Amino acid sequence: GLDDPALKALLLGNVGSLTPENALKWDATEPAGGRFSLEAMDRLLAFSARHRLALRGHTLVWHQQLPAWLDGLPAPQLRAALERHVRTLVGYGRGRIQSWDVINEPIDPEGQGLRRSLWLDTLGPAYIADALRWARQADPAARLLINDYGLEGDDPQTARKRVAMLQLVDDLKRRGVPLDGIGLQAHLLAPAEGSPTFRTLPVFLAELRRRGLQVEITELDVSDRLLPADTAQRDRRVADTYDAFLKAVLQEPALRRITSWGLSDRDSWLNTTFPRPDGLPQRPLPYDEALRPKPARSSIAERLQSITPPR
Ligand code: XIL
């Protein structure tokens with residue numbers, strides 16, 4: 001993406017912070033045990049320094065995009081591999097990566113405690129505290145986050161995931177484990193009918209703040225997969241969803257940053273992971289496939305201007 005001049009111009013005109021979608025994941029950074037491949041990280045570090053952008057680290061401990069060599073390692077070896085991975089990446093970015101998604105998607109999708117994964121199944125719940133402690137040691141200044149999805153809505157499943165997240169946070173805090181904040185991915189879904197609501201979200205954010213945590217929105221986009229094909233209608237409803245979401249989060253003093261998962265519809269991950277039933281490309285981001293601004297772009301700008309005076 002950074003090699004495309006049009007996209008690069010769009011990026012530099014719109015954002016103050018970068019998150020790589022895939023370049024820092026385990027399969028990309030440590031394809032063989034102890035053999036680190038950090039050229040892409042070097043390029044990102046150089047680009048963000050040159051353009052004075054903050055760089056976010058995504059992500060250290062996740063159940064996806066893992067290299068095959070981790071499979072079947074006995075617990076002591078897996079724990080040692082985790083320690084080496086966390087210390088190496090966080091240490092390499094020390095002073096240069098402002099916030100890290102140390103743990104990604106640890107909550108069970110139905111909200112029943114922690115998610116089953118290679119990490120939980122082999123190491124037990126201690127993998128979370130261990131990774132956070134190693135990350136803190138490797139860069140005491142970096143903001144350390146637990147990042148997850150499905151925490152934004154008003155449905156019962158979201159309510160259960162929030163309870164599980166708060167239980168995890170309370171448990172970590174009680175034991176003095178370093179944790180600076182929670183990342184809300186915010187992969188949103190424009191509703192098929194009615195207006196989008198985020199009625200219960202402000203209360204959840206306040207619960208996090210009460211626990212001394214900061215909040216980042218880390219992967220914001222709005223899927224239109226439930227909406228009819230008509231482009232203008234889709235764009236309007238996607239824009240309305242951005243508007244309602246930003247209204248709910250921007251009033252929260254613990255909010256530190258909002259990251260969009262891409263800028264242009266050309267590059268959205270949603271088309272491969274959650275395709276529309278009619279096969280049409282989705283329109284989830286602020287710019288269309290030709291990099292033209294969409295109604296979502298205006299909604300976002302207006303909401304941001306309501307808190308930041310225009311410069
Ligand atoms: C996605 C990337 O955008 C895709 O390019 C890749 O094929 C799969 O992963 N939650 C996360 C992100 O934390 O890492 C995922 O990113 C999207 C869901």
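Where is R52 found? I looked this up in what is a predicted model. R52 is in the loop between helix 3 (39–50) and strand 2.

**Entry: R52**

I checked the backbone of R52. Its phi is positive, about 55 degrees, although R52 is not a glycine. Is R52 buried or exposed? The relative accessible area of R52 is 75%. I note R52 as exposed, because 75% is over the 50% cut-off.

**Entry: H58 and T59**

I went on to strand 2, which covers residues 54–61 and holds T59. I looked at the peptide bond from H58 to T59. That bond is cis, with omega near 0 degrees. H58 came up again at the ligand, where H58 is listed with the closest residues.

**Entry: the ligand site**

How many residues surround the ligand? I noted 13. The closest are E21, N22, K25, H58 and E219.

I then took the polar side chains one by one. H58 has a polar side-chain atom 2.7 Å from an oxygen atom of the ligand. For N104, a polar side-chain atom lies 2.9 Å from a ligand oxygen. For Q65, an N or O atom of the side chain is 3.3 Å from an oxygen atom of the ligand. How much of the ligand's accessible area does the protein cover? On its own the ligand has 420 Å² of accessible area, and the protein covers 80% of that.

I also checked the pockets. The ligand takes the space of the second largest pocket.

**Entry: D27**

I moved to D27, in helix 2 (residues 26–29). Which residues does D27 contact, leaving aside its neighbours within four places in sequence? I found Q65, L66 and P67. Q65 is a residue I had already noted at the ligand, with its side chain 3.3 Å from a ligand oxygen. I also took the C-alpha separation of D27 and Q64. The two are 37 residues apart along the chain, and their C-alpha atoms are 9.0 Å apart. The relative accessible area of D27 is 32%. I put D27 down as partly exposed, because 32% falls between the 20% and 50% limits.

**Entry: W119**

W119 is in helix 5 (residues 118–123). Is W119 buried or exposed? I read 1% relative accessibility, so W119 counts as buried. I listed its contacts, leaving aside neighbours within four places in sequence. They are W26, V61, W62, H63, L66, L70, L78, L82, G124 and Y127. L66 is also in contact with D27.

What lies 2.8 Å from a polar side-chain atom of W119? I found the backbone oxygen of W62 there. I also checked W119 against P5. They are 114 residues apart along the chain, and their C-alpha atoms are separated by 40 Å.

**Entry: T158**

T158 is in helix 7 (residues 156–174). Its relative accessible area is 5%. I count T158 as buried, because 5% is under the 20% cut-off. Not counting residues up to four places away in sequence, T158 touches G150, L151, E152 and G153.

**Entry: A248**

I found A248 in helix 9 (residues 231–250). A248 is buried, at a relative accessible area of 8%. Beyond its neighbours within four places in sequence, A248 is in contact with F198, L201, P202 and L205. How are A248 and N104 placed, at 144 residues apart along the chain? Their C-alpha atoms are separated by 23 Å. N104 is the residue with a polar side-chain atom 2.9 Å from a ligand oxygen.

**Entry: R283 and L291**

I ended in the loop between helix 10 (270–273) and helix 11 (295–307), where R283 lies. L291 lies in the loop between helix 10 and helix 11 too.

Is R283 buried or exposed? R283 is buried, with a relative accessible area of 12%. Its side chain makes a polar contact with the side chain of E289, at 3.5 Å. I then listed what R283 touches, not counting residues up to four places away in sequence. The list is V222, D224, T231, R234, D235, V238, D265, D288, E289 and K294.

L291 is buried as well, at 14% relative accessible area. I checked its phi. The value is near 65 degrees, which is positive in a residue other than glycine.

Definitions and conventions: Residues numbered from 1 in each chain as written. Predicted model: local features only at pLDDT ≥ 70, side-chain atom pairs only at ≥ 80, totals over all residues. Heavy atoms only, no water. Helix = DSSP H or I, 4+ residues; strand = E, 2+ residues; numbered from the N terminus. Buried < 20%, exposed > 50% of the residue type's maximum accessible area, 1.4 Å probe, protein only. Polar contact = N/O pair within 3.5 Å; in protein donor to acceptor, adjacent residues only side chain to side chain. Contact = heavy atoms within 4.5 Å. Near = heavy atom within 4 Å. Areas by Shrake-Rupley, 256 points an atom, 1.4 Å probe, with all protein chains shown as cover. 1 Å grid on protein atoms, 1.4 Å probe; cavity = no way out; pocket = protein on both sides within 12 Å on 5 of 7 lines; lining within 4 Å. Sits in = over half its atoms within 2 Å of the grid points.
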